[in-house]
Amino acid sequence: MADAARTPTGVPGLDTMLDGGLITGSIALLQGAPGTGKTTVGMQFLYEGVKQYGEAGLLVTFEQFPHTLYRDALAHGWNLRELEQEGRLRVVFTSPQVFLTSLQSPISPINSAIRDIGVKRAVIDSVTQFQSLSAQPVELRAYYNHLINGLRREGITSLLLSEDSGPDFVRSDRGRVAFVVDTVILLRYVEIDSVMQRAVAVLKTRGSDHDKNIRRFEVKRGGLEVYEPFRNRQGLLSGTPRRTG
Ligand SMILES: Nc1ncnc2c1ncn2[C@@H]1O[C@H](COP(=O)(O)OP(=O)(O)OP(=O)(O)O)[C@@H](O)[C@H]1O
Ligand SMILES: [Mg+2]
């Protein structure tokens, strides 16, 4: 059987870690502490998707006001308004409730956008906001399933951004969204010799192999740059690593 088709994220080092990229049509969770670069990866995935691969994108945000999002993107050299005007990107500012409802209705603006511009990639910033929909984990999980099934049905390769509030990334995931997605990528701060560094790890990829290393990365103008693995350290994901060897 041929290997599943890949959708490169557009972050070169991350694509190497993912054995070429996300599996086309799959759903990935990008979990990270505040300011680690989640929104940046999301914008890079969509921008490079259009520019390098000619794939239209959908960015759904519950977090940022339009002008701050466009401004932050421009600081990376990504003109999202231009892509929107060219009909290759749609940016939607909404609430989780409105978004879920509209995903269900074939004639909703979101579904029209998905069809009109032929969306192949989507970013949801962030799914943590879904927690406001219910205090019940079981109900919350149903909402997540709803979202994920909607995206899968359309065959859209999706990146769900999510806040990560501590070393115990499973406990902070109240609706257990990490279990229903295909891929989980983690962005973390680690303190090494009194310097805060950023670390990226791929925790799972259904149907594919992936890099098991925890690598250092930086956010630069133009997006994420992924570097070598951390060496001789243990407990990196706890935030307070120890030196080994
Ligand atoms: N144009 C830029 N050039 C260099 N670094 C940048 C640039 N824009 C953002 N950064 C870095 O990226 C960080 C924030 O990135 P981003 O907004 O993607 O994080 P986030 O994980 O989405 O944050 P939040 O949890 O607040 O939503 C900044 O704190 C800064 O260090
Ligand atoms: Mg963000």
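Predicted model: local features only at pLDDT ≥ 70, side-chain atom pairs only at ≥ 80, totals over all residues.
Residues are numbered from 1 along each chain as its sequence is written, chains are lettered from A and ligands numbered from 1 in the order in which they are written, and side-chain values use heavy atoms, with hydrogens and water left out.

**Strands β8, β9 and β10**

- Strand β8 (residues 183-192) and strand β9 (residues 195-205) run antiparallel and are joined by 10 bridges; strands here are DSSP runs of E with at least two residues, helices are runs of H or I with at least four residues, and both are numbered from the N terminus.
- β9 is also joined to β10 by three bridges, again in an antiparallel arrangement, where two strands are said to pair if DSSP finds at least two bridges between them.
- Within this pairing, Val200 stands opposite Arg215 of β10.
- The hairpin of β8 and β9 has two residues between the strands, and Asp193, which lies in this loop, has a phi near 50°, a positive value in a residue other than glycine.
- Asp193 is exposed, with a relative accessible area of 56%; exposed means over 50% relative accessible area, buried under 20%, and partly exposed in between, with a 1.4 Å probe and protein chains only.

**The shell around ligand 1**

- Of the 14 residues around ligand 1, those that come nearest are Gly35, Gly37, Lys38, Thr39 and Thr40, a residue being near a molecule or strand if one of its heavy atoms lies within 4 Å of it.
- Helix α2 (38-53) and strand β10 (215-220) each supply at least two residues of this shell, and the largest share, three residues, comes from α2.
- By residue class, the shell divides into four nonpolar, six polar and four charged residues; here Ala, Val, Leu, Ile, Met, Phe, Trp, Tyr, Cys and Pro count as nonpolar, Asp, Glu, Lys and Arg as charged, and the others, Gly among them, as polar.
- An N or O atom in the side chain of Lys38 is 2.8 Å from an oxygen atom of ligand 1, while a polar backbone atom of Val219 is 3.5 Å from a nitrogen atom of the ligand.
- The protein covers 61% of the 640 Å² of accessible area that ligand 1 has on its own, as computed by the Shrake-Rupley method with a 1.4 Å probe; for residues, only the protein chains shown count as cover.

**Strand β6 and its neighbours**

- Strand β6 is mostly covered, as six of its seven residues are buried.
- On one pairing, β6 runs parallel to strand β4 (residues 56-61), to which six bridges join it, and Leu59 has Val123 of β6 as its bridge partner.
- On another pairing, β6 and strand β7 (residues 157-163) are parallel over four bridges, with Thr157 of β7 as the bridge partner of Arg121.
- Together with helix α7 (residues 137-153), strands β6 and β7 make a right-handed β-α-β unit, right-handed meaning that, with the strands pointing away from the viewer, the path from the first strand over the helix to the second runs clockwise.
- Arg121, found in strand β6 (residues 119-125), is buried, with a relative accessible area of 0%.
- A polar atom of the Arg121 side chain lies 2.9 Å from the backbone oxygen of Pro8; a polar contact is a pair of N or O atoms within 3.5 Å, and within protein one must be able to donate a hydrogen and the other to accept it, while residues adjacent in sequence count only if both atoms are side-chain atoms.

**Loops and backbone features**

- Asp125 and Ser126 are joined by a cis peptide bond, with omega about -10°, and Ser126 is found in the loop between β6 and α7.
- Asn232 has a positive phi of about 55° although it is not a glycine; Asn232 sits in the loop between β11 (223-229) and β12 (233-234) and is partly exposed, with a relative accessible area of 48%.
- Gly21, in the loop between α1 (12-17) and β2 (22-23), is buried, with a relative accessible area of 2%.
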